[in-house]
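Here are a few packing exercises to work through with the model open beside you. Try each one before you read its solution.

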Amino acid sequence: MNNYIVTNLPEVAAIILFGIGFSNLLLARNLIKKIIGLNIMDTAIYLFLAAKGYVDNAVAPIVPPGAVDPDLYVNPVPSGLVLTGIVVSVSVTAVLLALTVRLYEEFNTLDIDEIVHQLRVKDKEAIR
Amino acid sequence: MYKGTRIQTLYNLLSIVFTILLIGILLYTVSELPVMGDALHPANNEVAAHYLVHGARETGALNAVTAMILDYRAFDTLGELCVLFVSACSVYILLRVDAGRKEEEVEALDRRYEPWNDAILSKAFLFLVPAVFLFGIYITLTGHLSPGGGFSGGAIIGAGLLLYLNAFGLEKTERFMNRIRYRRLNCGALGFYFLAKGYSFFVGANDIKSVISVSDQGNILSAGLIMPLNVCVAIVVSTTVYAVYLMFRKGGFNI
Amino acid sequence: MQGLIAILLALLVLAALAVSASRKLLPAVIIFMSYSLVMSMVWMLLQAPDLAITEAAVGAGITSVLLFIALKRIGELERDLEESEEEIHLSSARGKQEDQSDV
């Protein structure tokens with residue numbers, strides 16, 4: 001591997017955070033921790049995108065009126081994409097939490113294996 | 001059910017191996033990427049240069065990101081407002097409490113560990129809530145001149161509404177934000193966004209001279225349609241945040 | 001500047017590991033709130049102020065408040081309070097027993 005690992009430090013951290021969030025999604029038994037894991041994955045991807053737009057020795061893209069030299073400023077395009085993503089992530093979290101609360105009121109547990117087990121038992125009794 | 005069994009340990013082991021494999025492949029991909037911060041990066045092409053060089057003159061906004069999301073790529077922002085609206089509707093469908101069990105159960109759920117109209121909260125938030133609202137309105141209105149804009153301003157105004165609700169109770173909040181007003185504000189803001197951007201697209205596609213002109217930059221009333229659209233976005237975001245919170249706490253609006 | 005970014009990124013990874021490893025839900029949500037704030041600081045250092053303001057308001061504000069409200073609605077906060085009261089009871093009873101056995 002090249003030594004780009006040292007120069008691309010935010011991108012490497014974004015990948016590691018993505019992996020941690022993904023393992024949270026797979027291994028956690030509680031539904032709320034799975035939702036937190038999904039949120040960690042989301043923010044890791046936004047960190048990767050924001051690091052893509054960074055230019056060395058450049059400032060934030062607030063341009064003064066008049067003639068502008070585009071080499072002095074950071075790339076504004078990934079910022080716009082991430083702004084949309086943050087709001088969509090909050091909407092998805094709200095809907096998932098509403099579903100979790102309803103599941104808890106029906107089955108009285110937050111463990112996903114327990115819920116599937118109770119559903120199977122209910123199906124067997126309904127067939128009989 | 002599978003908690004102590006061998007299938008569970010096998011599943012855990014396989015998950016960890018799969019995650020490490022995923023991280024390894026992605027890290028190898030990152031090592032092939034160009035150095036971060038390079039000015040000759042393939043992502044820094046002529047599109048970004050055009051937005052930076054001509055953005056302030058064509059749209060009137062000094063903030064290049066606001067010029068991009070509310071003028072050059074306004075359709076994406078419209079889609080995102082629709083996503084917020086749909087999520088508010090979904091939460092409403094899932095968590096609505098019927099009028100029958102509303103009275104006793106919801107009151108019991110709400111008051112279990114919460115003193116009614118706590119004195120510390122009321123006195124402290126008397127100073128804090130106007131400051132939060134003022135800050136949110138300032139960030140929304142100067143979205144085209146400095147960092148900020150509709151989304152962050154809307155989130156701050158929504159947080160101010162939540163503070164007001166927690167400090168002073170539902171009765172006083174119902175005086176200025178009830179179900180009818182929420183519906184009118186939300187649908188009105190979305191409809192105005194549709195009409196304004198529809199007019200812009202129609203005028204731009206047919207090469208007609210637009211009525212709305214871009215005046216001198218740096219002024220708060222410049223930038224054409226961007227400031228009203230920022231206000232629309234802030235209204236939609238703040239009312240959605242308030243409505244979702246109210247669904248979780250009380251199961252519905254009072255009226 | 002590079003050193004500051006490196007320290008903050010290490011803090012992020014540490015916070016994510018702490019969220020995975022915690023058994024109770026309330027500390028996990030609080031650590032997630034601090035993770036959001038540190039992420040907002042990293043974006044400020046990468047010269048993206050719009051993202052920093054929005055993430056501070058939305059991530060640490062709205063998402064964390066929604067998680068707390070969901071925890072309260074399923075009764076998790078009271079269960080947490082009862083469990084910690086039981087632990088305090090048990091540890092104080094054990095302490096009294098040791099004192100008596102010493103005497």
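**Exercise 1.** Work out how many residues of chain C are in contact with chain A, and which helix of chain C gives the most.

*Solution.* Helix 1 (2–21), helix 2 (25–45) and helix 3 (49–73) each supply at least two residues, and helix 3 of chain C gives the most, with 11 residues.

A word on the source: this is a predicted model, where local features need pLDDT of at least 70 and side-chain atom pairs count only at pLDDT 80 or more, while totals for chains, interfaces and linings use all residues. Residues are numbered from 1 along each chain as its sequence is written, with chains lettered from A and ligands numbered from 1 in the order in which they are written.

**Exercise 2.** Find how helix 2 of chain A and helix 1 of chain B are oriented where they cross.

*Solution.* Take the axes of helix 2 (residues 9–27) of chain A and helix 1 (residues 6–31) of chain B: they come within 10 Å and cross at roughly 160°. That makes the pair roughly antiparallel (angles over 145 degrees). Then list who touches whom: the contact includes A:Ile15, A:Gly19 and A:Phe22 on one helix, and B:Ile16, B:Thr19 and B:Ile23 on the other.

**Exercise 3.** Which residues does B:Val244 touch?

*Solution.* Skip residues up to four places away in sequence, and you're left with A:Ala94, B:Ala88 and B:Val91.

Terms used. Axes are lines fitted to C-alpha atoms, for helices over the stretch in contact, and angles run from 0 to 180 degrees between N-to-C directions. Helices (H or I, at least four residues) and strands (E, at least two) are DSSP runs, numbered from the N terminus. Angles under 35 degrees count as roughly parallel, over 145 as roughly antiparallel, 65 to 115 as roughly perpendicular and the rest as oblique. Two residues are in contact if their C-beta atoms, placed from the backbone, lie within 7 Å.
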